[in-house]
Amino acid sequence: VDHETVPMRVLVAASNELPGEDAGLEALYDRMLLRLYLEPIQDKRNFKAMLTQKPMKNVSGSVKRVSNEEFEYWQKHINDVTLSEHCFELIYELKLFLEQKNTRGEMIEAPIYVSDRRWKKSMRLLQACAYFNGRTEVSETDLFILKDCIWHDLASREAINEAIYNFARHRFCAQQEVTQKIQKIRSKLTQLDSDFTDRFATRLVSEVMLTKIRYKLDTQSLQVESINGLPGMCKLAIIGEYDILEEGSNEKAKWLHVGLDDFQKQIRSGSCLIQGYVNDRVKSVWLNFSVNEHKHLFVHNFANKAIPIAMIKNNAVLNIRENWIQPLQASLQEVQEIESNITKNQHDFSSINKNIFVGHQHIEDVSKSLGALTISLNQVKSHKESLETRLYETAKLFKQEVVIES
């Protein structure tokens, strides 16, 4: 058989169908590195354009040709493009995922085989992608190219597309690590808030009388004062999220005043609706109170949401500063580090988000997921600020000395 040397740089082929399993084309098919599958035209405008398009003229004269010198120059410099450890870990994690060997996340329906040859050739393509984008290192956006390289059939194509997009939305720019840190600090704040309301909220005493449960306030050391010319008024601190207690009002309640004797009588059944005062108002309003299954005292907003409260006493047993303010302030550094990480990741992504081989939508998806981290962190910061405000306000109401630290 005679062989003829052909100076081929690239081979482009097209087919109306993918090779069958028993067609004997596996080795040839494996050497087709880039695989682009075209769906039938769906968009109405594109379908019309296809029907009305005129035959293309010969444009060979206007095509810019690549010289051998340029080609060899590119080959040399593409070889110099490096693979970062982070991108390697992403590629290896994707490999394990496709082989169903990963231990994290959901598993795909069936393992997908990608030959070592294909991984190696794909790496070369990633290097070229980085090089022609003016970079000396493979970046995360280059990995989108893999979606057109490592699939075998339509089922694997769909699974690989979904896997790479999920990686992009969760793993690019260390998003998963940042997300875990945000979840960790959110859990800390939630636990701190829950512990504060659980341990500091007023707990009533209960006793069974015949077939009914009766509740009673422990009035020992309870702070009683005259408000708006009314004697025997006790003060209650809102220790849950500040809220509007009456419909039509714009003022969030921080503390309340109710008549102690009247309240003691009414709350015996476990709930009551009595008149009282919100903050420093001189006009009374109807306040709805209840006792939960743990015997904690709650006031309800106009939408009937229960908010924990604490009766003001002259000698509160629990020190708010030591038990909650100091642990809360210790979390400030963690929040600042997370914020710094997000800022750095967004800055790093801005330097690689221009990729001439990747669709704008894919880049936009990563930008949105990075932005979502900022939203999540802002929610954590808002919770921290809310809890901190309530802790300081409650400490002042209970006349516990605290120092506001910047």
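**Aromatic rings in this predicted model**

Hi everyone, let's start with a cluster: Phe 196, Phe 200, Trp 324 and Phe 398 form one aromatic cluster. Before going on, this is a predicted model, where local features need pLDDT of at least 70 and side-chain atom pairs count only at pLDDT 80 or more, while totals for chains, interfaces and linings use all residues. Residues are numbered from 1 along each chain as its sequence is written, and side-chain values use heavy atoms, with hydrogens and water left out.

Now to the pairs. Rings of Phe, Tyr and Trp (its six-membered ring) pair if their centres lie within 6.5 Å; planes under 30 degrees apart are stacked, over 60 edge-to-face, and the rest tilted. That rule gives 11 aromatic pairs. One of them is Phe 88 with Tyr 92, stacked at 6.0 Å centre to centre with 20° between the planes. Both residues lie in helix α4 (residues 85-98), four residues apart, about one turn of the helix; helices here are DSSP runs of H or I, at least four residues, numbered from the N terminus.

Finally, charges over rings, meaning NZ of Lys or CZ of Arg within 6 Å of the ring centre and within 35 degrees of the ring normal. Arg 157 lies over the face of Trp 151, 5.9 Å from the ring centre, and the charged end of Lys 235 sits over the ring of Trp 255, at 5.1 Å from its centre.

Notes. Helix = DSSP H or I, 4+ residues; strand = E, 2+ residues; numbered from the N terminus.
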